[in-house]
Amino acid sequence: MNDLPRILSVRQHPAYAGQAIAYISSRWKEVPQAVYEDCISESLYAAGPLPQWYLLMDSETVIGCAGLIANDFISRHDLYPWVCALYIDEPFRGHGYAGLLLEQCRSDAARAGYRSLYLSTELEGYYEKYGYMYIGEGYGPDGAATHIYRFDLRASSLSAAGYAIRPERPDEEQTLYRLVGTAFETARVSDGAEQDFAAALRAGDDYIPDLALVATHEEQPVAHVLFTRTRVTSPDGNRYEGVLVAPLSVLAAHRGMGLGGVLLKEGMRRARSMGFGAAFLCGDPAYYHRFGFRATTRYGIRPTGDLPPHFVMAAELRPRALQGIRGTVSFC
């Protein structure tokens, strides 16, 4: 094969529906063929953007496939859409063709107006290279756990609109102090001292310069977050090191477009690449739940002090990072 293979949308090329049913059901034999036959056949007449089925073609030979669907036989029905049935025939692997199918799914999901794209897998370390981030576990019909990964579809649109993310600079301390204070003047919950808390974290021994991030718009800081070291101390005195997320600040004029979430997820991605396995924070569960944060009590971890337990949350940056970790986590 000298040229790149082409991708066919079965909805746009309904004559290939029979080939799609035969190929996909032969590669994913654990799913009855009748399921694929019904789903793919009915997708040809769907009014909305889902489902989509794709074939990767070498001339007229099918060599790969993928789907974009509302749910991939998984417990998290609150999340959608999902990439599913991604497969490349073995002789054609190692050429980046899976990335072509993932990009097709990404492009169509973004065009349909979705903010995120999800997939479930037993693999670890593969989808990260395509920009996906682990956010937690889900469960299939047999009760078995599977890893859930998310791709943020809004990051590229923010970049196109003039936003960028970078580490903070030493000469910006006063600018960022004012930014945090101003941002929390219009926050739903604030004690009025978030800027002092950020300054204290920056001055402490647990400050990590590469994880102190600023979002800029046309080179001016408009959002900020700190990831600093924190520790879970077990009853026997052993310590597990993670990162504390605090505070996340976005100026009011730049809210409502997902900037805070993009900044948070970029920090989590960088923390993971630096070897950290978990992130901790104190915040609104209704907001942070979408980023994979869950109450620390779920993991047998409780905060020091008198913080309300349901506001104290953790997110595993890699699968099972908090398995077997018990103790108290410090927020100061």
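Here are some questions and answers about a predicted model.

Reader: How are two packed helices described, and what is the angle between α1 and α2?

Author: Two packed helices are described by the angle between their axes and the distance between those axes. Here the pair is α1, residues 17-27, and α2, residues 33-43, with axes 9 Å apart. The angle between them is about 150 degrees.

Reader: So is α1 roughly parallel or roughly antiparallel to α2?

Author: Let's start from the angle of about 150 degrees. The cut-off for this label is over 145 degrees. That makes α1, relative to α2, roughly antiparallel.

Reader: Which residues of α2 make the contact with α1?

Author: Start on the α1 side, where A17, A20, I21, I24 and S25 take part. Counting both helices by class, the contact has six nonpolar, three polar and one charged residues. On the α2 side, the residues are Q33, Y36, E37, I40 and S41.

Reader: Is Y45 buried or exposed?

Author: Y45 sits in the loop between α2 and β2. Its relative accessibility is 68%, and the cut-off for this class is over 50%. Because of that 68%, Y45 counts as exposed.

Reader: How far apart in space are Y45 and P14?

Author: In sequence, Y45 and P14 are 31 residues apart. In space, going from C-alpha to C-alpha, the distance is 9.9 Å.

Reader: How many residues of β6 are buried?

Author: Strand β6 covers residues 133-139, which is seven residues, and the strand is mostly covered. A residue has to be under 20% relative accessible area to be called buried. In β6, the number that are buried is five.

Reader: Which residue of β7 is the bridge partner of G138?

Author: β6 and β7 (residues 145-152) run antiparallel and are joined by six bridges. G138 has its bridge partner in β7, and that partner is T146.

Reader: Which residue in the hairpin of β6 and β7 takes a positive phi?

Author: This hairpin has five residues between its strands.

Reader: What about α5 and α6: is their crossing left-handed or right-handed?

Author: Helix α5 (residues 173-185) and helix α6 (residues 194-203) have axes that come within 8 Å and cross at roughly 145 degrees. As α5 passes α6, the crossing is right-handed.

Reader: How many charged residues are in the contact of α5 with α6?

Author: From α5 the contact includes E173, and from α6 it includes E194, D196 and R202. By class, the contact also has five nonpolar and two polar residues. The number of charged residues is four.

Terms used:
Residues are numbered from 1 along each chain as its sequence is written. This is a predicted model: local features need pLDDT of at least 70, side-chain atom pairs count only at pLDDT 80 or more; totals for chains, interfaces and linings use all residues. Side-chain values use heavy atoms; hydrogens and water are left out. Axes are lines fitted to C-alpha atoms, for helices over the stretch in contact, and angles run from 0 to 180 degrees between N-to-C directions. Helices (H or I, at least four residues) and strands (E, at least two) are DSSP runs, numbered from the N terminus. Angles under 35 degrees count as roughly parallel, over 145 as roughly antiparallel, 65 to 115 as roughly perpendicular and the rest as oblique. Contact means heavy atoms within 4.5 Å. Ala, Val, Leu, Ile, Met, Phe, Trp, Tyr, Cys and Pro count as nonpolar, Asp, Glu, Lys and Arg as charged, and the others, Gly among them, as polar. Buried means under 20% relative accessible area, exposed over 50%, partly exposed in between (1.4 Å probe, protein chains only). Two strands pair if DSSP finds at least two bridges between them. A crossing is left-handed if the near helix is turned anticlockwise from the far one by less than a right angle, and right-handed if clockwise.
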